Structure formats: structure tokens, C-alpha cells
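Thanks for having me, everyone.

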Amino acid sequence: MPHPTTLVKLVRRSSPQIIEQLNATLLGKLAEDKLLRCRKLRIDTTVLEADIDHPTDADLLEHGVRKLGRLVRRIKTAGAASRTPFRDRSLRRAGSINLGPQTTEAFMRVPPSCGAYVRVDGFGFGRSVSTGSLPKRHRALPPVRQLAHIGAMNATNLKQADTQPWDVVIIGGGPAGLSAALSLGRVRRSVLVIDAGEPRNAPAVRVGAHGILGREGISPLELLWLGREEVSAYGVRVADARVTDARRDGDGFIVVTDDGEQVRARRVLVTTGLTDELPDVPGLAERWGHDVLHCVYCHGWEVRDTAIGVLGSFHQALLFRQMSLDVTLFRHTGTELSDEQWEQLAGLGVAVADGEVTGLHIDGEDRLAGVRLASGNLVPVRNLVVAPRFVARAGFLGGLGLSVVEHPSGTGEQVQADPSGFTGVEGVWAAGNVSDVFAGVPAAAAAGVTSAAAMHMDLLMADAKTAAAARTVDAGPFSGAMEAEVSRRVLGTRVHGLDAGAGA
Ligand SMILES: Cc1cc2nc3c(=O)[nH]c(=O)nc-3n(C[C@H](O)[C@H](O)[C@H](O)COP(=O)(O)OP(=O)(O)OC[C@H]3O[C@@H](n4cnc5c(N)ncnc54)[C@H](O)[C@@H]3O)c2cc1C
């Protein structure tokens, strides 16, 4: 029997008549040998997907480098001598990132201290691939600022920012700040966003941000990347810096950053988010956002049906019992439970463990495997739910005179603001987690939009007053009183286009 490829070649070279004759001869032979009792043969085949590596346009370079690297490594492993030293610069080792065309998957691989990167820009034939390495001094920066340094996150150099007062300076470029910037940019406000690049949900970069209609599961970093791209289309500038001070200066404000730059603003929006103060259990903070979590709406689905431990919060135990039958409440440092709560936990089948939690047990695959108690007992759990204390990131803004108040639930403190985000300090608004500790991403974004509308109106009113004042000063025959008189004579009884005399 010839090899299948030989058969395929023969079929291609032969005319349809010869194929027909071959088939007829084959069928005749099979019938003669009594292997087949029919005149026609139908063959059912299944096509199996093969792992075809098909490099296209600019990908070719990246694929080629990797393939060559692999080949040389295999040659070396096989012990073949080579006079040319081989150094693998393909940057595909752990810790490198492949950015773009920006995808959630790529952003989920951004490690906290990535050194090497492969960057793909553009699509189709316009694609280009470049590789590089982040300078050592930038590797300790937060991921958002690392991305800005390699040009994968839109950012403005503050030194080149306008010296004119900005209509609005937004301190904090998370979902609240960027949403406000988008609204303000679209109504032609000059807006500068100053962002320290540490969004609260950055630890969840591999789990994704959830509960976001239309962008469910998106990487928090990709969301910010998209946001920065979108606001820049309306002329908004985003600068990577940390604000250290903001104070009143005449009618407006001066905002100072950690690199010594100062910008002037007519209005200030504070969207700096909050800090989650975590329970003081050794090793817990390192796992925050992975298998130590707090929000059932954010990550409850991801941990469903696993063994879940809850550290010291009755309400968290109820919330997560909805996601799993295997829930243990650790009373830790003395969570008091009423008789009614004991009954409810028993009724729902939630186990209660007494004693202080002293540490976490991590398995060989770097996954949470259990919670260690002061007694030495180890309770197996795969995920641990905590109830952090939420603290608004506003300490550095003392110069603005903002009030920070305790949240009615007792879970943290936030900047005081009315429903529009107005803080009670003239010219200063606040939105997102800094003024609402319970806001998730969509609520923070919505609050930013609400504040933007209020600030825009405030600026419009101020501009209208200034314009009117300028007219009164040198209006002469065009004063407000003269304009009203001219209008009365021209329009007569017709007001707003209606003839009042005509009746209804
Ligand atoms: C682990 C974890 C996972 C989460 N997952 C989800 C989820 O799946 N879905 C969801 O809806 N919500 C989730 N959340 C909540 C979400 O993080 C917040 O709702 C959201 O980040 C609030 O947006 P924000 O703009 O108010 O604040 P942030 O996103 O925190 O943004 C504030 C920005 O201000 C910057 N900033 C702070 N101080 C300064 C300063 N001095 N100068 C300049 N910039 C400054 C910060 O660096 C940051 O970039 C999660 C929270 C955590 C902790």
C-alpha cells in the first residue's frame, strides 16, 4: 500500500476518468474477493484539528526567534559542540509580557515587576513587533506606570502640561476619575488627570474585574488602558504622578506632585479610591486578590463550590454560603455571635471554628490549602474571605479642608460629599471609593460622571457671570438694560416665539 501522501499526489496528477476507473477496478476486486457486496462505496471521515503554527506578517519575526531559540537549545541539550556562544534573547521566559494588540489575556499576564516585554502594535499588515526590557529603576513601579514607561499606556509628561489653569484637575485615574474625564472632555473642558497608577483592584489582575456589563471579566489594567485611550480622543491629558498636596490659590487651586511639579486648576475632583486595611495575619496580604478576597459580587462566582473560610464576619459567612456548601467561619480574635446568629449558622450548615488564626498553609502549587489556628489545628480551605477596613486615600489633601467621616456601617471612613459629589468645599468634588467605600467599578464610574456634570454646570455658571460682568463694564449702549429694552420693542407681546395676545 503506498503512503497516503503518494496517493494524494497520484490523485492530483490523474484525470477524473482515471480516478473513476481506479475506483471501479478496486470495487470489482473487493467484490470478487467477497469483501464487499455493493456497487457503491461511501466513506465517512472525520477531520481532526491539527496544531498548525502559521506565522503571518510581523508575527513571523516573533515566531522565528522563538523557533530558532528552541532549536539551538535542543542542539545544546543533545550535547552538540558549537563554536558560537548562544544567548537566548527571545524574552519569552517567565516575567516577560506580550502586549498588544491589547487583550485581556495579555494584561492579565502583566506581573508586578515585569522586566522584559514583547510589544505588538497595530493589526494585519500594519503590525510591528518590538521587544525590550524595562530599566531596573522602573521595575518597582506599579503595573500601570510600568506600562506607561514602555509606551503601552497613554501618559503625558507633566513638565509639558499647560501652564494655563486647567478647567478641572482630577486626582486619581481609576474608573471614577477616567469616567469623569470622559464626560468633561466631551463637553470641551480642559482636563488633566494625575494618576499614581495603583488602582485598588490591581491585585485582582489575573482574576479580572466582574459585574461590569459589556466588559465582564476584563483585566483591571486593560480597563484603564481603554479608558486612557478613550479620554485622550477628547483632548484629556493623563499624567503619571502622585499628588502630594493641593491648596486654594485665589479663585482656583494649586496641585503639587511628588516630582515637584505644580499645576493650576479652576476645579478639583478627588477620585483617589481607598486603601483596604487587611487583618494582621502573617502571609495574608501577599495573597490579596488571589485566594484571599472580600467581595462576593466581584469574585464569589470564581470560588463557587470550593472550601471557603471566612475570617471573623458573620455577614460575609452568609454571603459566601450562597456560593458554597462548604463554609467555615473563623471567630479569630473574638467575633461575638448572638444566639440567633448561632441558630442561623447551624441551620445553614456553616461550620464555626474557635480560636485565633495564626497563619495560612500554602501547597506546593502556591495555592491556599488551609488556615492554621493558635491551637495548631489546620482547617483545610481553598479561599479565605476577609472584611477589610476601608480607608479613603485622602490624608494628603488636608490643605483642601475636606471632611472625612465614618461610614454608617462602621466598615471604614470616607470623604463627605453630597449625591453630586460636592464636598462642601467650594470648587472641590469627590467621586468613587474615596467618598463611597461600597462602590464597585460601575458605581464608581457612574459617580464620576455625576460629579463631572455638576462641575461642568458650576463652571458654566461661573463663566456666564464673568461674561455678563465683562459686558456691563464696557457695554455702553449694549448694556443689559438696553438689550432688554430692544428685545421688548422688537418682540412686543411675543415672548419665546408665542404671541401672548393671541390667547391659548
Ligand atoms: C481585590 C479587589 C478586587 C475587586 N474586584 C472588583 C470587581 O471584580 N468588580 C467591581 O466592580 N469592583 C471590584 N473591586 C472594587 C474596585 O476596585 C473599586 O470599585 C474601584 O477600583 C473604585 O474605583 P475608583 O476610581 O474610585 O478608585 P481606584 O480604582 O482605586 O482608582 C484610584 C486611583 O487614584 C490613584 N491615586 C491615589 N492616590 C493618589 C495621589 N495621591 N495622586 C495621584 N493619584 C492617586 C490610585 O493610584 C488609583 O489609580 C475590587 C476591589 C478589590 C480590592
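So, which element gives the largest share of the shell around the ligand? That's α11, with 3 residues. Before I go on: this is a predicted model, where local features need pLDDT of at least 70, side-chain atom pairs count only at pLDDT 80 or more, and totals for chains, interfaces and linings use all residues. Residues are numbered from 1 along each chain as its sequence is written, and side-chain values use heavy atoms, with hydrogens and water left out.

Okay, the shell. There are 39 residues around the ligand, and Asp195, Glu198, His210, Ala439 and Val441 come nearest; "around" here means that a heavy atom of the residue lies within 4 Å of the molecule. They split into 17 nonpolar, 16 polar and 6 charged.

Now the polar contacts, meaning pairs of N or O atoms within 3.5 Å. Aspartate 195 has a polar side-chain atom 2.7 Å from a ligand oxygen. With arginine 200, a backbone N or O atom sits 2.9 Å from an oxygen of the ligand. And valine 243 puts a backbone N or O atom 2.8 Å from a ligand nitrogen. On its own the ligand has 990 Å² of accessible area, and the protein covers 97% of that (Shrake-Rupley method, 1.4 Å probe).

Which elements give two or more residues to the shell? They are α6 (175-186), β5 (191-195), α8 (296-299) and α11 (441-474). Helices and strands here are DSSP runs, H or I of at least four residues and E of at least two, numbered from the N terminus.

And where does the ligand lie relative to the domains? Domain 3 (158-277 + 391-460) and domain 4 (285-387) both give residues to its shell, so the ligand lies between them. Those bounds come from an automatic or database domain assignment.

On to the sheets. One is open, with 4 strands in the order β10-β19-β21-β20 and mixed pairing; strands pair if DSSP finds at least two bridges between them. Its edges are β10 (274-277) and β20 (404-406). β10 runs antiparallel to β19 (389-392), with 4 bridges joining them, and glutamate 277 has arginine 389 as its bridge partner in β19.

Last one: β15-β16-β17 is an open antiparallel sheet of 3 strands. There, β15 and β16 (368-373) pair over 5 bridges, and leucine 360 stands opposite valine 371 of β16.

Methods: Polar contact = N/O pair within 3.5 Å; in protein donor to acceptor, adjacent residues only side chain to side chain. Nonpolar A, V, L, I, M, F, W, Y, C, P; charged D, E, K, R; others polar.
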